[in-house]
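Have the structure at hand as you read.

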Amino acid sequence: MQPRNMSMSGVVDLAAVKAAGEAKAKAEQARKDAARQGGGGAGSAPGGAVPPSALVFDVSEAGFERDVLQLSNEVPVVIDFWAEWCEPCKQLGPLLERLAVEADGRFVLAKIDVDANQMLMQQFGIQGIPAVFAVVAGQVLPLFQGVAPEQQIRETLAQLVQVAEERFGLIGLQVDPGAEGAPAAPAEIPAGPYDALLEAAVVALDAGDLAGAVQAYKNVLADDPANTEAKLGLAQAELLSRVQHMNPQTVRAEAAANPKDPAAQMAAADLDLAGGHVADAFGRLVDTVRVTFGDDRDAVRVRLLELFEVIGADDPRVSQARTALARVLF
């Protein structure tokens, strides 16, 4: 499982990009066609340039093929899946918009409201938001899920642009900064008081120093117990610490042989979650709460709450599991 706000190095998987030569030729032909038609993609201005307002736009299911798939033959299209009720989306969205404007046409940002576009959400296999994908020459690339430090997002987008240029010949759109109605760049988001500590945690994770990452997140929470990113990061780092030396076959065999053993079931649930089997992990622990009592039951309940932190409160699977847990407890 790729933790949601941890290192995103290597997320642009070149092996997943098929038929690079064919796609590159297709992209070059699309640019020639656009030049002959005197346009440069959606919202283009005369002469092939586009106004800055065309760099960030909303997309619906009806316009997805035109506004994303076809446009991706000219420029990488980054997709931000969001919803009005999603608090992390309100943090990530403005940052992505600012970076799209700063990129000056090297990529564009398509925003998709999942509540209004359920079919697209299902087609992309979205299980939690915010979720960010890219489409390059018609090829879909998953980038990351959740909120991450700005520097890591910048590095991911820079890698995306490099792949688009080197493998597909996509040099992006020409932007006309003087176009009428061009919006001002979003205001710079000031650095928070704990950004350095949060960045230190990410660096520790990249280096495989899970203990260092755990301590860095705890340092933030010592002063700011409600810090969402630190709570999420701590839960993820602690999960990785627990599973890194596990033997999956042994753990699962013990869990199967001892369905009422809290330790065995918690270990198996950790493996489930680390492997991306979220519903299985939650269901396992809810079932264990049902058949245990006293301190054992409380330990399993606490572990389940910790795993909720790993996924994030906005994920619908967390809401479902909370409801199931309440039914078992009360």
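## An aromatic cluster

Phe 64, Phe 81, Phe 124 and Phe 133 come together as one aromatic cluster in this predicted model. Across the whole structure, a search turns up five aromatic pairs. Take Phe 81 and Phe 133: their ring centres are 5.9 Å apart and their planes stand at 85 degrees, so this pair is edge-to-face, given that angles over 60 degrees count as such. The pair ties together distant parts of the chain, as Phe 81 belongs to strand β3 (residues 77-82) and Phe 133 to strand β5 (residues 131-136), 52 residues apart. Are these two residues buried or exposed? Both Phe 81 and Phe 133 are buried.

Phe 133 also pairs with Phe 124, again edge-to-face. Here the distance is 5.1 Å centre to centre, with 75 degrees between the planes. Phe 124 is buried, as is Phe 133.

## Where two helices cross

Now turn to helix α8 (residues 228-243) and helix α10 (residues 262-274), whose axes come within 10 Å of each other and cross at roughly 115 degrees. The crossing in which α8 passes α10 is left-handed.

Which residues meet at this crossing? On the α8 side they are Leu 239, Arg 242 and Val 243, and on the α10 side Asp 270, Leu 271, Leu 273 and Ala 274.

Methods:
Residues numbered from 1 in each chain as written. Predicted model: local features only at pLDDT ≥ 70, side-chain atom pairs only at ≥ 80, totals over all residues. Heavy atoms only, no water. Phe/Tyr/Trp six-rings, centres within 6.5 Å; stacked < 30°, edge-to-face > 60°. Helix = DSSP H or I, 4+ residues; strand = E, 2+ residues; numbered from the N terminus. Buried < 20%, exposed > 50% of the residue type's maximum accessible area, 1.4 Å probe, protein only. Axes fitted to C-alpha atoms, helices over the stretch in contact; angles between N-to-C directions. Left-handed = near helix turned anticlockwise from the far one by under 90°. Contact = heavy atoms within 4.5 Å.
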